[in-house]
Each structure stands twice: as structure tokens, then as C-alpha cells.
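Subject: Structure handover and notes

Hello,

Please find the structure below, handed over for your own work. My notes on it come after.

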Amino acid sequence: MTADRNAAELRISTVVQLPNGRFAPGNPGRIPGSKNKISNEAMAAIKSMKDVAIEQLRSKLERGDWDAITFILERILPKGRSVELDDTSPTSIAKALAEGHLTPDETRSIATALKSLQDVTELVEIRAKLDELEKLLNGVAR
């Protein structure tokens with residue numbers, strides 16, 4: 001870890017830019033994923049406010065502030081839900097949507113997943129047929 005840090009410090013200290021603002025040849029610039037000075041300062045400021053923010057949030061939750069409760073639950077609970085279907089036919093999926101067991105977004109996600117699975121299955125079948133044709137052609141060519 002210290003070798004990486006030393007290498008990063010060496011790269012930062014030897015940054016050379018051309019007059020047009022671009023980096024000189026052989027100098028790729030900052031390490032990908034590294035934060036600039038302003039980002040580091042902003043993160044430090046946010047981290048220094050965490051105790052105050054948590055205390056304010058706690059007091060809002062104790063008062064029953066539904067906006068605060070919703071804010072927390074939206075970030076804690078996973079998006080969407082698990083859906084169990086007895087049948088994945090288009091008719092049964094449409095019926096589940098019509099009866100209110102599925103939301104339109106869930107129905108769209110299911111349809112997209114089923115379409116992707118169908119495409120994969122078709123590709124596997126096409127590949128098998130292609131392999132068969134290649135074997136036949138190789139046998140005829142001899």
C-alpha cells in the first residue's frame with residue numbers, strides 16, 4: 001500500500017502540462033479513480049457534519065416526520081421486490097398485471113428478462129445448427 005502511495009505522490013509531484021493545458025507526452029495525469037483536491041475537501045467537510053446530521057435525523061424520526069422516515073427507508077430497503085410466478089407465459093403475466101399482483105415496471109422487467117433468456121436460447125440453438133452444418137460441409141469437402 002505504501003509503495004502505491006509513494007508512486008502516486010511521485011506522479012503528482014512530476015505533473016507536466018503543455019501550454020494548451022494538455023498533459024505532456026508520457027504523462028497520463030492523475031491515477032484513474034483518484035479524487036482531486038476539491039473533492040477531497042468536500043468529502044472532509046461532509047464527514048465533519050455527520051454527527052450533527054445524524055442527530056437532526058434522529059430528532060425528526062422521534063417526532064414522526066414521515067418525510068425523514070421515507071428518506072431513510074428508501075435508502076435502506078432494496079428497490080423492487082421478489083416476484084414468484086407459477087407460469088411465465090405472456091397470458092399469465094398479463095393476468096397478474098391486470099389483477100394488480102404485478103406493477104407495470106415489474107411486468108416490463110419480467111418481459112425483458114424473458115426476452116433475453118429467449119435470445120440466449122435461440123443463439124445456442126443457432127450455434128448447434130451451425131456446428132452441424134460445418135461438420136457436414138467438412139465431410140463433403142473431403
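The notes begin with conventions and the overall picture, then go through individual sites.

This is a predicted model, in which local features need pLDDT of at least 70 and side-chain atom pairs count only at pLDDT 80 or more, while totals for chains, interfaces and linings use all residues. Residues are numbered from 1 along each chain as its sequence is written, and side-chain values use heavy atoms, with hydrogens and water left out.

Overall picture

The protein has six helices and zero strands; helices (H or I, at least four residues) and strands (E, at least two) are DSSP runs, numbered from the N terminus. Along the sequence the pattern reads α-α-α-α-α-α. Of the 142 residues in the protein, 8% are buried. Here buried stands for under 20% relative accessible area, exposed for over 50%, and partly exposed for the range in between (1.4 Å probe, protein chains only).

Areas are from the Shrake-Rupley method with a 1.4 Å probe, and for residues only the protein chains shown count as cover. Taking contacts (heavy atoms within 4.5 Å) between residues at least 6 apart in sequence, 10% join residues at least 24 apart.

Leu-18 sits in the loop between helix H1 (2–13) and helix H2 (37–48). With a relative accessible area of 37%, Leu-18 is partly exposed. Apart from neighbours within four places in sequence, Leu-18 contacts Phe-23 and Ala-24.

Further on, Met-49 belongs to the loop between H2 and helix H3 (50–62). Together with Met-43 and Ile-46, Met-49 makes a nonpolar surface patch of about 290 Å². Patches take residues with over 30% relative accessible area and no salt bridge, joining like charges within 9 Å and nonpolar side chains (Val, Leu, Ile, Met, Phe, Trp, Tyr) within 5 Å.

H3 itself has 13 residues and spans 18 Å from its first C-alpha to its last, close to the 18 Å expected at 1.5 Å a residue. The expected span is 1.5 Å times one less than the number of residues in the helix. After H3 comes Gly-64, with a positive phi near 80 degrees.

Salt bridges

How many salt bridges does the structure hold? There are five, where a salt bridge is a side-chain nitrogen of Lys or Arg within 4 Å of a carboxyl oxygen of Asp or Glu.

- Glu-74 and Arg-75 pair through their side chains at 3.6 Å, N to O. Glu-74 is partly exposed at 44% relative accessibility, whereas Arg-75 is exposed at 53%.
- Asp-105 and Arg-108 form a salt bridge at 2.6 Å, N to O. Both residues lie in helix H6, three residues apart, about one turn of the helix.
- Arg-127 and Asp-131 form a salt bridge at 3.3 Å, N to O. These two are separated by about one helical turn because they are four residues apart in helix H6. Arg-127 is partly exposed at 47% relative accessibility, and Asp-131 is partly exposed at 27%.

Glu-106 lies in helix H6 (residues 104–141) and counts as buried, because its relative accessibility is 13%.

Thr-107 is also found in helix H6. Its relative accessible area is 13%, so Thr-107 is buried. Leaving out neighbours within four places in sequence, Thr-107 is in contact with Ile-93, Leu-97 and Leu-102.

One further pair involves Asp-105. Gly-80 and Asp-105 are 25 residues apart in sequence, with their C-alpha atoms 9.1 Å apart in space. Gly-80 is placed in the loop between helix H4 (66–76) and helix H5 (90–98). Is Gly-80 buried or exposed? Gly-80 is exposed, because its relative accessible area is 63%.

Regards
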